[in-house]
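Take a look at the fold shown below.

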Amino acid sequence: MARILVIGVGQIGSELGPALVEQGHEVVLADRLPPEETAGWDVLTKGMGEDGVRRRWHRLDVLDTPALTGLIREMRPDTTYHLAALLSATGEKDPDLCWRVNVETTRTVMSTLSKLGAATAPRLIVPSSIAAFGPLPGQTETPAVTPDLYPMLPTSMYGITKVVGELLGAYAAAKQGVDFRGLRFPGLLNTAPPGGGSSDFANLMYFAAAAGQREVEVFCRPDTTIPFMYMPDAIRAIIELAEAPAARLSRRTYNVAAMSPSAADIAAALAARVGPFDVRYVPDFRQAILDSWPRALDDAPARTDWGWQPRWDLAGMTDDLLAQLGWVPRA
Ligand code: AKB
């Protein structure tokens, strides 16, 4: 049993928390909001019951540095998942806040862990993103299938903070005795509403279809193609990487991939199940962010080093997610 701290209980944390509890770990869930006000409340309570959530909950504003360092010093976690972040769309609206939340708190977590004097290097997992990539100068797209090692030239503040997080993590691992591990996630889908990402167009389609809506408006073009992953795969990936023997890891941050449907592919997959489903495509500022991201990721090193293998494709995810969202096929 390990002592595990999850900082930021949103779309990922609300499923990661119950999975870690299920594994028998001692888990503290830290978030700015009371649990019932988080987007993942339903997912959390389904996974560990209301009492289980409240017992493990710790109110924490990550920008309150004394509170953040105090919690880490008091708890002395073996493993910390630092998930608190502003995503790509929200980050463009307030780039300063995006930097403070995504970079400065990551730096604080790293330096506090490094000073714990723990016998074993404290483990720190910070998700990165497909947003860490961007087109080379003079080009408009990143390679169709972007490898792990490729120049990182993000165009959004969110992407910049993710690259900096990766670099800080490599530094903390090399010089500060922190066992940092990161993975570049695609857009993620589950029943918890995501908060402020550019990949949210897909989540919007699923929520609308499951609610029985016949039409929905999304903020991208139909040909928009980026990597996606169903949350059960994402939770398995992050835990598998966290648990992988250090000797197996050839790098600190890994691409992980599962599927790369276009927006039109997702609309078609939904229409095949729920019947006529009219998607109106009205691109806004998020289109440029989406266009700068890879269409697909090459995740060969994750597969070779720690055995990463996705289990969910578009068809399987669509069936399962619609059911999870409460959609009932008409008789
Ligand atoms: C976003 O859209 O900003 C995130 C991501 C792909 O990292 N979901």
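Where is Arg76 found? Arg76 sits in the loop between helix H3 (65-75) and S4.

## Ground rules

This is a predicted model, in which local features need pLDDT of at least 70 and side-chain atom pairs count only at pLDDT 80 or more, while totals for chains, interfaces and linings use all residues. Residues are numbered from 1 along each chain as its sequence is written, and side-chain values use heavy atoms, with hydrogens and water left out.

Helices (H or I, at least four residues) and strands (E, at least two) are DSSP runs, numbered from the N terminus. Buried means under 20% relative accessible area, exposed means over 50%, and partly exposed lies in between (1.4 Å probe, protein chains only).

Start with the backbone. Most residues other than glycine have a negative phi. The phi of Arg76 is near 50°, a positive value in a residue other than glycine. Arg76 has a relative accessible area of 35%, so it is partly exposed.

## Strands side by side

Two strands pair if DSSP finds at least two bridges between them. Begin with strand S1 (residues 3-7). S1 pairs with S2 in the parallel sense, over five bridges. Here Arg3 stands opposite Glu26 in S2. Strand S2 (residues 26-31) has five of its six residues buried, so it is largely enclosed by the rest of the structure.

S1 also runs parallel to S4, and four bridges join them. Leu5 has Thr80 in S4 as its bridge partner. S4 in turn pairs with strand S5 (residues 123-125), in the parallel sense, over three bridges. Tyr81 stands opposite Ile125 in S5.

Next comes S8. S5 pairs with S8 in the parallel sense over three bridges, and the bridge partner of Leu124 in S8 is Phe180. Strand S6 (residues 128-129) pairs with S8 in the parallel sense over two bridges. In that pair, Ser128 has Arg184 as its bridge partner in S8. S8 also pairs with strand S12 (residues 253-255), again in the parallel sense, over three bridges. There, the bridge partner of Arg184 is Asn255.

## Two faces of a strand

In a regular strand the side chains alternate between the two faces of the sheet. Strand S4 (residues 79-82) has Thr79 and Tyr81 pointing one way, with Thr80 and His82 pointing the other way. All of these are buried.

How many residues of strand S8 (residues 179-185) are buried? Seven of its seven residues are, and the strand is mostly covered. Asp179, Arg181, Leu183 and Phe185 point one way. Phe180, Gly182 and Arg184 point the other way.

## Helices H5 and H6

Now turn to a helix pair. The axes of helix H5 (residues 95-114) and helix H6 (residues 157-175) come within 9 Å and cross at roughly 10°. That makes H5 roughly parallel to H6. Axes are lines fitted to C-alpha atoms, for helices over the stretch in contact, and angles run from 0 to 180 degrees between N-to-C directions. Angles under 35 degrees count as roughly parallel.

Contact means heavy atoms within 4.5 Å. H5 residues that meet H6 include Pro95, Cys98 and Trp99. On the H6 side, the residues include Met157, Tyr158 and Ile160. The residues of this contact divide into eleven nonpolar, four polar and one charged.

Trp99 lies in H5. At 32% relative accessibility, Trp99 counts as partly exposed. Leaving aside neighbours within four places in sequence, Trp99 is in contact with Glu104, Met157, Ile160, Thr161 and Val164. The C-alpha atoms of Trp99 and Glu141 are separated by 25 Å, and these residues are 42 apart along the chain.

Asp200 has its place in helix H7 (residues 200-210). Is Asp200 buried or exposed? Asp200 counts as buried, at 11% relative accessibility. Leaving aside neighbours within four places in sequence, Asp200 is in contact with Pro194, Gly195 and Phe219.

Helix H8 (residues 231-243) has 13 residues and should span 18 Å at 1.5 Å a residue. The expected span is 1.5 Å times one less than the number of residues. The end C-alpha atoms of H8 are 18 Å apart, which agrees. Ten of the 13 residues of H8 are buried, so it is largely enclosed by the rest of the structure. Among them are Met231, Asp233 and Arg236.

How values were computed. Angles under 35 degrees count as roughly parallel, over 145 as roughly antiparallel, 65 to 115 as roughly perpendicular and the rest as oblique. Ala, Val, Leu, Ile, Met, Phe, Trp, Tyr, Cys and Pro count as nonpolar, Asp, Glu, Lys and Arg as charged, and the others, Gly among them, as polar.
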